[in-house]
Amino acid sequence: MERTYSDAVAALNTLQSNSITIDNIRKAGKNLNLQAIPEMIEWCHRTGYEPVEFDRLNAIHIAGTKGKGSTSAFVSSILCQFLPTTLFNKIGLYTSPHLRFVRERIQINNEPLSEESFAKYFFEVWDRLEKSARARGEPTDKTSKPAYFRFLTLMAFHTYMSEGVDAAIIECGIGGEYDSTNILVHPRVTGITSLGIDHTPLLGHTIEEIAWHKAGIMKPGVPAHTVAQPPAAEEVLRTRAREKSVTLSVVNEYPTLQNWHLGLSAPFQRTNASLAIDLVSTFLKTLSVHSNIPPIDPPLQPPEIRRGCEQ
């Protein structure tokens with residue numbers, strides 16, 4: 001196999017698609033969903049990682065029904081305004097789906113990976129999986145690789161580890177509890193955007209069931225933020241937060257944002273930007289003991305916040 005970007009994309013497209021994966025889970029019911037995280041951890045092992053190693057990424061993990069991509073983009077844009085500092089020089093952003101080309105999903109400092117870098121890191125993961133399969137006496141065909149989204153998640157984490165990013169904004173794919181990204185052990189902060197009914201075959205048909213899944217990204221002792229939710233959904237989020245010993249904060253929209261020219265300009269984006277601002281504030285507070293960046297208090301004060309929201 002050649003090793004160009006086009007070859008990488010062609011190989012990626014041979015893997016099981018997201019739609020087929022979702023259909024398989026729908027047909028199998030909850031049993032297949034329950035295997036998602038153990039299987040993803042096994043794929044991590046096959047690529048040479050223990051999930052706890054991803055603590056080095058200083059992850060900001062974001063789930064939700066509406067606005068998770070926008071919120072992730074705001075967080076990345078704001079953090080990039082602080083570059084370069086003695087604290088960080090590289091900010092990773094992993095989102096889905098892509099609009100034009102798959103490289104958009106894996107970004108560093110708000111720029112998609114170059115074709116050369118994408119091919120490099122793609123085939124490093126591909127080769128590690130095939131080496132693991134050979135060592136186990138297994139075939140090295142596509143059965144030795146995870147499905148499309150899982151592969152890209154592994155590749156994103158491998159890329160960010162290899163590049164030495166100082167922070168990584170990780171957007172969930174579907175749900176949270178069983179999402180491929182939820183192998184993160186100790187993110188710095190988690191965020192849950194507006195909730196609604198989505199992916200019902202996987203997540204359930206009620207807002208309570210869906211909230212339960214999204215809250216799955218909360219980790220013990222890790223601060224969490226959300227926005228105003230339907231009462232039934234908020235109750236579930238608060239219950240799961242208590243179960244996990246998580247401090248959950250509900251973010252109110254900052255009125256000042258009405259006077260800002262947000263880079264994403266629809267009125268509802270003020271809610272996403274408000275959540276992003278609080279996530280960045282908490283993130284920097286968790287790092288402030290090791291940096292010369294003062295904590296953001298009040299959150300709208302530093303000019304970097306506005307610049308990042310208006311990019």
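A polar contact is a pair of N or O atoms within 3.5 Å; within protein, one must be able to donate a hydrogen and the other to accept it, and residues adjacent in sequence count only if both atoms are side-chain atoms. This is a predicted model, where local features need pLDDT of at least 70, side-chain atom pairs count only at pLDDT 80 or more, and totals for chains, interfaces and linings use all residues. Residues are numbered from 1 along each chain as its sequence is written, and side-chain values use heavy atoms, with hydrogens and water left out.

**View 1. His-186 and Asp-55 meet through their side chains.** Their polar contact spans 2.7 Å. His-186 also touches Val-52 (contact means heavy atoms within 4.5 Å), leaving aside residues up to four places away in sequence. Look for the C-alpha atom of Gly-221 as well: 8.8 Å separates it from that of His-186, although the two residues are 35 apart along the chain.

**View 2. Phe-122 and Trp-126 form a stacked aromatic pair.** Rings of Phe, Tyr and Trp (its six-membered ring) pair if their centres lie within 6.5 Å; planes under 30 degrees apart count as stacked, over 60 as edge-to-face and the rest as tilted. Here the centres are 5.4 Å apart, with 25° between the planes.

**View 3. Arg-240 places its charged end over the ring of Trp-212.** The distance to the ring centre is 4.2 Å. A charge sits over a ring if NZ of Lys or CZ of Arg is within 6 Å of the ring centre and within 35 degrees of the ring normal. Arg-103 lies over the face of Phe-101, 4.4 Å from the ring centre.
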